[in-house]
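Please look over the chain shown below before reading further.

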Amino acid sequence: MKIQDISQKTQVLQYVNQQTKVNTNDQGTVNPGTTVQSQIGDRVDLSPSFKMIKKIEATALSAPDTRADKVAALKKKVESGTYQVNSDKVAGKMLQEFIVELNK
């Protein structure tokens, strides 16, 4: 079972969108991009937004998928029979995920 926090993903997407807007609106202070040329004359232009998205992606991929301390604590509660499901939180997260999916 993998527990994911949808609000965290939403915050990351909002940050990326905000930074993309800043980079495109403020051309005077942002480096226009990096140009890479090969010996045969091929050229690739990478925008600051692309580089930023790649850096965020690399950071997200390097983060661990699970937090062992949380998993161990939950497992202990389930095994002892003291784990209680907060139905309000579950319903809230389900609605939040549904709204995010509708906005895609």
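The account begins with the overall fold and then turns to confidence, salt bridges and the surface.

This is a predicted model, in which local features need a pLDDT of at least 70 and side-chain atom pairs count only at pLDDT 80 or more, while totals for chains, interfaces and linings use all residues. Residues are numbered from 1 along each chain as its sequence is written, and side-chain values use heavy atoms, with hydrogens and water left out.

Four helices and two strands make up the secondary structure of the chain. These elements are DSSP runs numbered from the N terminus, with helices (H or I) of at least four residues and strands (E) of at least two. Their order along the sequence is α-β-β-α-α-α. Contacts, meaning heavy atoms within 4.5 Å, can also be sorted by sequence separation: among those with a separation of 6 or more, 50% join residues 24 or more positions apart.

How confident is the prediction? The pLDDT, which is the predictor's confidence in each residue from 0 to 100, averages 76 over the chain, and 64% of the residues score at least 70. Helix H4 (residues 87–102) has the highest mean confidence, at 94, whereas strand S1 (residues 34–37) has the lowest, at 48. Two stretches fall below 50: residues 27–31, with three contacts beyond near neighbours in sequence, and residues 34–38, with 12 such contacts in the model. Where pLDDT is low, the predicted coordinates should not be read in detail.

The salt bridges come next. Side chains of opposite charge can pair when their charged atoms come close. A salt bridge is counted when a side-chain nitrogen of Lys or Arg lies within 4 Å of a carboxyl oxygen of Asp or Glu, and the chain has two of them. One joins Glu57 to Lys54, with 3.2 Å from N to O. Both residues belong to helix H2 (residues 48–62) and are three residues apart, about one turn of the helix. An α-helix has 3.6 residues a turn, so residues three or four places apart point the same way. The other salt bridge links Glu101 and Lys104 at 3.3 Å, N to O.

Relative accessible area describes how far a residue is covered: buried means under 20%, exposed over 50%, and partly exposed in between, using a 1.4 Å probe and protein chains only. Glu57 is partly exposed at 36%, and Lys54 is also partly exposed, at 41%. Glu101 is partly exposed at 45%, whereas Lys104 is exposed at 74%. Of the 104 residues in the chain, 8% count as buried.

Just after H3, Gly81 takes a positive phi of about 85 degrees. Val85 lies in the loop between helix H3 (68–80) and H4 and is exposed, at 58% relative accessible area.
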